[in-house]
Amino acid sequence: MHSPTPGAPHQVPSPVDIEARLTAELASVVAGARRRALRDGDRQLDTAHLLHSLMESDPEVRAAFEDGPQVARVLGYLVQRSIGYGLRWQGSVEDSGAVPLMTQPGWSPSALAAMEYALRRAAARGGDQVTGRDLLAALAADPECRAVQVFQHAGVDAAALADGLGEPSDQGLDDRLGEPSPQV
């Protein structure tokens with residue numbers, strides 16, 4: 001993810017603001033991702049933590065994938081990561097180039113950007129609350145986040161996944177981060 005348009009005003013949502021707009025199911029996903037980050041020894045919740053918790057708990061998210069084997073490969077790769085194999089992200093902060101000002105304690109800049117994007121997606125479809133599919137679309141839209149690295153290693157085309165969720169695949173999160181968030 002790259003920085004949004006220079007000079008564009010940007011208000012960082014607080015975790016409390018974010019969590020107030022989540023469905024009960026997605027709030028549980030965030031709590032699970034937080035526990036996973038703690039258990040893994042990570043200082044911040046990242047997009048792979050969000051993806052892992054989302055894949056485990058949301059059947060609508062799993063249904064967004066082309067086939068069952070894709071779901072199994074993504075989950076298998078995430079499990080490898082959590083037990084110390086696969087990607088070596090533990091202990092490092094995920095930052096795919098997100099706006100440096102977008103920081104909140106306990107959240108990687110990329111995870112915070114994904115949640116901001118999911119909030120905007122929910123507002124654009126007229127929803128008051130963010131769903132798992134909103135968050136999955138946000139994760140798939142950032143070509144440089146850890147969740148997309150997981151997709152790549154598992155053989156999932158993130159752009160095709162984003163397209164299937166109704167997201168334009170030719171734009172990343174950075175093109176939409178310069179716009180202020182809808183007011184809660």
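Mentor: The discussion below concerns a predicted model and the terms applied to some of its residues.

Trainee: Why is V74 called buried?

Mentor: V74 has a relative accessible area of 0%. Buried means under 20%, so V74 is called buried. This residue is found in helix α5.

Trainee: Which residues is V74 in contact with, beyond its neighbours within four places in sequence?

Mentor: Leaving those neighbours aside, V74 is in contact with L51, M55, F65, V150, F151, A154 and V156. Contact requires heavy atoms within 4.5 Å.

Trainee: What are the buried residues of helix α8, and which helices do they pack against?

Mentor: In α8, which spans residues 146-153, the buried residues are R146, A147, V148, V150 and F151. They pack against α3 (47-57), α5 (68-82), α7 (132-141) and α9 (158-164). After α8 comes G155, with a positive phi near 80 degrees. From V74 to G155 the C-alpha distance is 8.3 Å, although 81 residues separate them in sequence.

Trainee: What makes a set of residues a nonpolar core?

Mentor: Its members must be buried residues of nonpolar types such as Val, Leu and Phe, joined through side-chain atoms within 4.5 Å. The largest such core here has 46 residues, of which L51, F65, V74, L136 and F151 touch the most other members. Helix α6 (109-124) provides the largest share of this core, eight residues.

Trainee: Which residues does L136 touch, not counting those up to four places away in sequence?

Mentor: L136 touches L51, L54, V61, A64, F65, F151, L161 and L165.

Key: Residues numbered from 1 in each chain as written. Predicted model: local features only at pLDDT ≥ 70, side-chain atom pairs only at ≥ 80, totals over all residues. Heavy atoms only, no water. Buried < 20%, exposed > 50% of the residue type's maximum accessible area, 1.4 Å probe, protein only. Helix = DSSP H or I, 4+ residues; strand = E, 2+ residues; numbered from the N terminus.
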